[in-house]
Amino acid sequence: MKIGIIGAGNIGSTLTRRLTALGHEVAVANSRGPQTLAGLAAETGARAVSASEAVPGADLVIVTIPEIRVPSLPPGLFQGMPDNLIVVDTGNYYPRQRDGRIREIEAGLPESRWVERQLGHPVIKAFNNIYAQHLAEKGLPADSPGRIALPVAGDDARAKRVVMGLVDELGFDPVDTGDLNESWRQQPGSPVYTADKDAEGVKQALADAVRQRAPEWQATPDSPGTFEAPA
Ligand SMILES: NC(=O)c1ccc[n+]([C@@H]2O[C@H](COP(=O)([O-])OP(=O)(O)OC[C@H]3O[C@@H](n4cnc5c(N)ncnc54)[C@H](OP(=O)(O)O)[C@@H]3O)[C@@H](O)[C@H]2O)c1
């Protein structure tokens, strides 16, 4: 597949490495410009591009940047793109550590619905609940005992199927969370978050999830602090 990756940090660089190794054609972008991605490009064979260049012609685009940075993407990034362009959101809302208060999410909007509104294109939520290092190192062939499962949420059945296929290719069992309205079940603080469960464990964790954001996942008047000193 032709895959655009917007964000080249922990998750973006991991997915660039893993997806190129699987034979996908990857174009990767960050905010500072392609010249700063020469090393990653040389290592993986991915094309280093600007965010705007990562989208046209792609079959699938992965947006993997801090939540608060989403509005800083070029305006109209997905305008005029075909309806069948699949967009994956790996994002998590970290109000106290990084993002500060995002009013709509605090009011109960699932994080990925908020991202979708900013992007103006439907998204599939995936890869948000696993540490980048585990995504890099813990994939296993299908049917391996203890294979980690990853939840995938989204409204479009075809797009979700494609993303679930990609999860499997990367070495993880995909589990369907439901539509994007249900994606709060895999948000930070939920039982499935960073828990590295197998498929049965993920299904149970999704069923056990509680809608209300726990206090530590809500902004305060002082937010954001830092990961070292959340506020
Ligand atoms: N870290 C994890 O283990 C993990 C796991 C699951 C999900 N997540 C979530 O996935 C998202 C990405 O996390 P991360 O840890 O990979 O972040 P990160 O290491 O902080 O990297 C963020 C990347 O986003 C890029 N970026 C920021 N604004 C941009 C813009 N306007 N245009 C293009 N690129 C932009 C940055 O580029 P520059 O450096 O050039 O600014 C950087 O490459 C977050 O929402 C995070 O919560 C993280």
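Biologist: Which of the 25 residues around the ligand come nearest?
Modeller: Ala8, Ile11, Ser31, Arg32 and Ser72 come nearest to the ligand. Please keep in mind that this is a predicted model.

Biologist: And how do the residues of that shell divide into nonpolar, polar and charged?
Modeller: The shell around the ligand holds 10 nonpolar, 11 polar and four charged residues.

Biologist: How far is a ligand oxygen from an N or O atom in the side chain of Ser31?
Modeller: For Ser31, that distance is 2.6 Å. An N or O atom in the side chain of Thr90 lies 3.0 Å from an oxygen atom of the ligand, and in the case of Asn30 the separation is 3.5 Å.

Biologist: How much of the ligand's accessible area does the protein cover?
Modeller: On its own, the ligand has 900 Å² of accessible area, and the protein covers 82% of this.

Biologist: Where does the ligand sit, then?
Modeller: The ligand is placed in the largest pocket.

Biologist: How much space lies in that pocket?
Modeller: The largest pocket contains about 830 Å³ of space.

Biologist: Which residues of its lining lie nearest the centre?
Modeller: Asn10, Thr64, Ile65, Pro66 and Arg98 lie nearest the centre of the largest pocket, out of 33 residues that line it. By kind, the lining comprises 16 nonpolar, 14 polar and three charged residues.

Biologist: Which helix gives the most to that lining?
Modeller: That is helix α1, which spans residues 10-21 and contributes three residues to the lining of the largest pocket.

Biologist: Changing topic to the backbone: which residues does a cis peptide bond join?
Modeller: Ser223 and Pro224 are joined by a cis peptide bond, with omega at about -5 degrees.

Biologist: Where is Pro224 found?
Modeller: Pro224 belongs to the segment that comes after α8 (199-208).

Biologist: One more backbone point: what is phi of Phe127?
Modeller: Phi of Phe127 is near 65 degrees, which is a positive value in a residue other than glycine.

Biologist: And in which loop is Phe127?
Modeller: Phe127 has its place in the loop between β6 (124-125) and α6 (132-137).

Conventions: Residues numbered from 1 in each chain as written. Predicted model: local features only at pLDDT ≥ 70, side-chain atom pairs only at ≥ 80, totals over all residues. Heavy atoms only, no water. Near = heavy atom within 4 Å. Polar contact = N/O pair within 3.5 Å; in protein donor to acceptor, adjacent residues only side chain to side chain. Areas by Shrake-Rupley, 256 points an atom, 1.4 Å probe, with all protein chains shown as cover. 1 Å grid on protein atoms, 1.4 Å probe; cavity = no way out; pocket = protein on both sides within 12 Å on 5 of 7 lines; lining within 4 Å. Sits in = over half its atoms within 2 Å of the grid points. Nonpolar A, V, L, I, M, F, W, Y, C, P; charged D, E, K, R; others polar. Points joined across faces, edges and corners; volume = space filled by probe spheres on them. Helix = DSSP H or I, 4+ residues; strand = E, 2+ residues; numbered from the N terminus.
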